[in-house]
Each structure stands twice: as C-alpha cells, then as structure tokens.
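Welcome! Try each task before reading its solution.

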Amino acid sequence: MMSGSSPPPPSLPAGSGSFFRGYTKLCKGLAVVLLLVHLVVQLFPSAVTYLALIPARTIPFAWNLITAGYVEQTIPGAIVSIVGLLLFGKLLEPLWGSKELSKFIFIVNFSTSVCVFTTAIVLYYITQLEIYLYTPLSGFYGVLSGLLVGIKQLLPDQELNLFVLKIKAKWIPSLVALISIVVSFFMKDLMSYLPVLLFGIYMSWIYLRYFQKRLETGLKGDPSEDFSFSSFFPEFLRPILDPIASIFHRLLCGRSERSDGRGQTLDASPLPGSDSIEANRRRERGQRALEQRLAEKLAAVRSSESTSQDAADKV
C-alpha cells in the first residue's frame, strides 16, 4: 500500500516543471521572431519607422500592416507577448492544427492592423491632431487577445485560477478588454495599445464566428448561441445587443446557402437544437484534448520516476 501511494507526491514538482515543456514548434518559432524583432528595435531604434504602423507612412510602407504586430517596443511587452503566445498556442494548436493556427494569427494580425490604420485616419480628419498620424503603433496584443477568443470558443467552461479568483475561460476576453479600458484612463501611455487589443478581440470573433472552416462538419463558422457577440457581455445587456448584432449578421451571412443536412437550413439559420449540439461538441473536443495532455504528462512523470528508481537500485 505504501509503494502504491508514493508516486503522487513527486508529480507535483514535475507538473510545475511541465510549464516549460510541451510548446509547439510553430509557437516557439514565432516566439523567436518576436524576440529577434524586439532586439533589432532596441539596437536600431530607427527600425521602428520601417516596421511599426505609422499611419502617415503606411501608404508607401504597406508591409507595416503585417510587421507591426510582431514589433514589441518595450521589454515587458516582449515578455508578455512571448509567454502568452507559448501558453495559448499550447492549448489551441493541438485542437486546430499548425496550419489553422498560423492562418488565424496571420488573419487576425493583418485585419487588426487595417482596422487600427483606418481608425487613426478617421480620428485625424475629425480632430486634425497629427499625433494620430505619426504615433508608431505596434504590438502582438491583438493576436494574444484573439487567441483568448479562441480559448473562449473551444473551452468556455474551463476554470482558470487568476490569483485568488476562479473565472471561466469564456469571460477572459471580456475581462481583459474591460481592464484595459479602465487602466488606459489612468495610464495614458497604454492608450495606444487599446485599439490593437479591442480590434484583435473583434476581428478574431468575426473570423471564428463566420469564416473558420470546421473540419468535423465541413461548415464555416460557429453559429452557437454560446459564441454570439452578446456572449461577451453580461446577461442584462444581451436584449439590447442582440438586435444590433443581428444587423451585422445579415451583412455577413445574408446570402442563401444550400442545406447540407447537418443542422443548417437554406437561409443559413441553424435548426432547433443544433446550437447546443455544436457547443457540446466543442466542449467535448476540448475536454478530450485536455485529458490526453494530462495523461501524457502523467505517463512522462511515471517514466521518469521508474528510471530514477532503477538508477537508485543499481547504485
């Protein structure tokens, strides 16, 4: 009985050590890119002019719409982006695959930059303040917030420990957006990050809601109520937001689609019950992935323990 109960205690430090293992090649490669670009900007500050998004210079330097997302101008920003990418990618890539995750990152990064550029131009014409034209805008926060939306979609009921609080994954994007808005009022330096983060959340939701192709069904998007636009807000606001969101839904999905017999009608509205079925499928898929990952970690722990025990016996 004593020998049978001895394995669990060593698994705790091994579990904490697993924080540094299991990252995917794609995310490690992108983390290296973020680090290298950060070092280039630190060593050659003038590189910000060519890599960051400066709305007044975007027309000749159009590549800024892509490169700006990978430019972190501060050390804390680089650390947060690299750690966040590794952790979030570790959850999403096993479920999406490397190809889909890289596609998601590219689309969210580019569309976020386009929205930020357009907003800056509009604000300049409204206010005539040149700060909107010449402030370098950059950062990976748009993609990071988009990855949080992906976690909300796939693992909505997964509880995460945030210091002393336990919060479900489905509320993390909304909480991040709320905290960012509040903090930006007191720390003006963070104001430039706010549009990147908010547009990252919104553009990632649009892609996942309407355009991402689901391999298990062959359909595009996620029509479930649990992933509607109003699901990012408290319950009492949803009756107000749902009619507004339905207008944009018609713009994006107004065309008729053929029924494929998998819960979609001719006008692309889901059959009764199909939303909850799809949501359950996503939860089950995410839960299976988590269980598989935990099983692999437990097997690795037991293997290392048996190896160390064999070595001790030989000694």
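**Exercise 1. A tyrosine and its partner**

Task: Decide whether Tyr141 is buried or exposed, and then classify its ring pair with Tyr193.

Solution: Start with the surface. Tyr141 has a relative accessible area of 16%, and the cut-off for buried is under 20%, so Tyr141 is buried. Keep in mind that this is a predicted model.

Next, look at the rings. The centres of Tyr141 and Tyr193 are 5.1 Å apart, with the planes at 90°. Planes over 60 degrees apart count as edge-to-face, so that is the class of this pair.

Tyr141 belongs to helix H8, while Tyr193 sits in the loop between H9 and H10, 52 residues apart, so the pair links distant parts of the chain.

**Exercise 2. A stacked pair in one helix**

Task: Find out how the rings of Tyr202 and Trp205 are arranged, and where the two residues stand in helix H10.

Solution: Begin with the geometry: the rings are 6.1 Å apart centre to centre, with 25° between the planes. Planes under 30 degrees apart count as stacked, and this pair is stacked.

Now turn to the helix. Tyr202 and Trp205 are separated by about one helical turn, because they are three residues apart in H10.

Then compare accessibility. Tyr202, at 29%, is partly exposed, whereas Trp205, at 6%, is buried.

To finish, widen the view: ring pairs join Tyr202 and Trp205 with Tyr210, Phe229 and Phe233 in a cluster. Across the structure there are 14 aromatic pairs.

**Exercise 3. The nonpolar core**

Task: Which residues have the most contacts inside the largest nonpolar core?

Solution: This core has 41 residues, and the ones to pick out are Leu85, Ile105, Phe140 and Leu147. Among the helices that each supply at least two residues of the core are H2 (25-43), H5 (75-96) and H8 (141-154).

Beyond its neighbours within four places in sequence, Leu85 touches residues including Cys27, Leu30, Ile105 and Phe140.

**Exercise 4. Two helices meet**

Task: Describe how H8 and H9 cross, and which residues make the contact.

Solution: First, the axes come within 8 Å and cross at roughly 150°. Second, H8 contributes Leu148, Val149 and Lys152, and H9 contributes Ile172, Pro173 and Val176. Third, sorted by class, the contact has five nonpolar, no polar and one charged residues.

Terms used:
Residues numbered from 1 in each chain as written. Predicted model: local features only at pLDDT ≥ 70, side-chain atom pairs only at ≥ 80, totals over all residues. Heavy atoms only, no water. Core = buried A, V, L, I, M, F, W, Y, C linked by side-chain atoms within 4.5 Å. Buried < 20%, exposed > 50% of the residue type's maximum accessible area, 1.4 Å probe, protein only. Helix = DSSP H or I, 4+ residues; strand = E, 2+ residues; numbered from the N terminus. Contact = heavy atoms within 4.5 Å. Phe/Tyr/Trp six-rings, centres within 6.5 Å; stacked < 30°, edge-to-face > 60°. Axes fitted to C-alpha atoms, helices over the stretch in contact; angles between N-to-C directions. Nonpolar A, V, L, I, M, F, W, Y, C, P; charged D, E, K, R; others polar.
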